[in-house]
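Hi everyone, thanks for making time this morning. Have a look at the chain on the screen, and then I'll walk you through it.

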Amino acid sequence: EAQWGGCAVDGCSQPYSRTRPHHVIPWWLSKITRLKDLAPVCEHHHHDIHEGGHTLRLRDGRYMCPTGWADGPAV
């Protein structure tokens with residue numbers, strides 16, 4: 001909560017209490033849970049990643065896509 005304040009997606013105003021941890025590098029790929037690869041994401045953005053297949057910009061400037069960290073937005 002101290003690191004992100006709320007949903008980690010840039011521009012989202014959902015408070016931390018309305019998020020759940022998201023494995024940026026999917027657990028099924030790595031079988032590892034690391035704090036540096038977790039981001040609190042609200043239900044809307046969790047859906048965008050998993051069902052929508054979107055690449056999202058985080059508040060810290062990094063991007064995440066359904067299979068992990070991304071270099072930038074999908075084109």
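Buried residues make up 33% of the 75 residues in this chain, where buried means under 20% relative accessible area, exposed means over 50% and partly exposed is in between, with a 1.4 Å probe and protein chains only. Before I go on, a word on the source: this is a predicted model, in which local features need pLDDT of at least 70 and side-chain atom pairs count only at pLDDT 80 or more, while totals for chains, interfaces and linings use all residues. Residues are numbered from 1 along each chain as its sequence is written, and side-chain values use heavy atoms, with hydrogens and water left out.

What does the secondary structure come to? There are 2 helices and 5 strands, where helices are DSSP runs of H or I with at least four residues, strands are E runs of at least two, and both are numbered from the N terminus. Starting from the N terminus, the order of elements is β-α-β-α-β-β-β. The radius of gyration is 11 Å, close to the 11 Å that the globule rule gives for 75 residues, so the chain is as compact as a globular protein of that length. Along the principal axes, the C-alpha atoms fill a box of roughly 30 × 30 × 20 Å. As for contacts, meaning heavy atoms within 4.5 Å, residues 24 or more positions apart account for 47% of those with a separation of 6 or more.

Now to the strands. β1, residues 19-23, is joined to β2 by 5 bridges, and the two run antiparallel. Two strands count as paired if DSSP finds at least two bridges between them. Within this pair, His22 stands opposite Ala39 in β2. Is β2 enclosed or open to the outside? It is largely enclosed by the rest of the structure, because 4 of its 5 residues are buried.

Then we have an open sheet of 3 strands, in the order β3-β4-β5, with antiparallel pairing. Its edge strands are β3 (56-57) and β5 (68-70), each of which pairs on one side only. Between β3 and β4 (residues 63-65) there are 2 bridges, and Leu56 stands opposite Met64 in β4.

Staying in β4, let me show you Tyr63. This residue is buried, at a relative accessible area of 18%. Beyond the residues up to four places away in sequence, Tyr63 touches Thr55, Leu56, Arg57, Gly68, Trp69, Ala70, Asp71, Gly72 and Pro73.

Trp69 turns up again in the surroundings of Asp37, which lies in the loop between α1 and β2 (38-42). Asp37 is buried too, with a relative accessible area of 8%. Setting aside neighbours within four places in sequence, Asp37 is in contact with His22, His23, Val24, Ile25 and Trp69. That loop also holds Lys31, whose phi is near 60°, a positive value in a residue other than glycine.

Buried or exposed: which is Trp28? Trp28, in helix α1 (residues 27-30), counts as exposed, because its relative accessibility is 57%.

Last stop, the pockets. Rolling a probe the size of a water molecule over the atoms shows where empty space is left. A pocket here is an open set of points on a 1 Å grid over the protein atoms alone, where a 1.4 Å probe fits, with protein on both sides within 12 Å along at least five of seven lines; lining residues have an atom within 4 Å of a point. The largest pocket holds about 170 Å³ of space, a volume being the space filled by probe spheres set on the points, which are joined across faces, edges and corners. Its lining includes Glu1, Trp4, Tyr16, Arg20, Leu38 and Pro40, and β1 and β2 each supply at least two lining residues. By class, the lining has 7 nonpolar, 2 polar and 2 charged residues; Ala, Val, Leu, Ile, Met, Phe, Trp, Tyr, Cys and Pro count as nonpolar, Asp, Glu, Lys and Arg as charged, and the others, Gly among them, as polar.

Conventions: The radius of gyration is taken over C-alpha atoms; the globule rule is 2.2 Å times the number of residues to the power 0.38.
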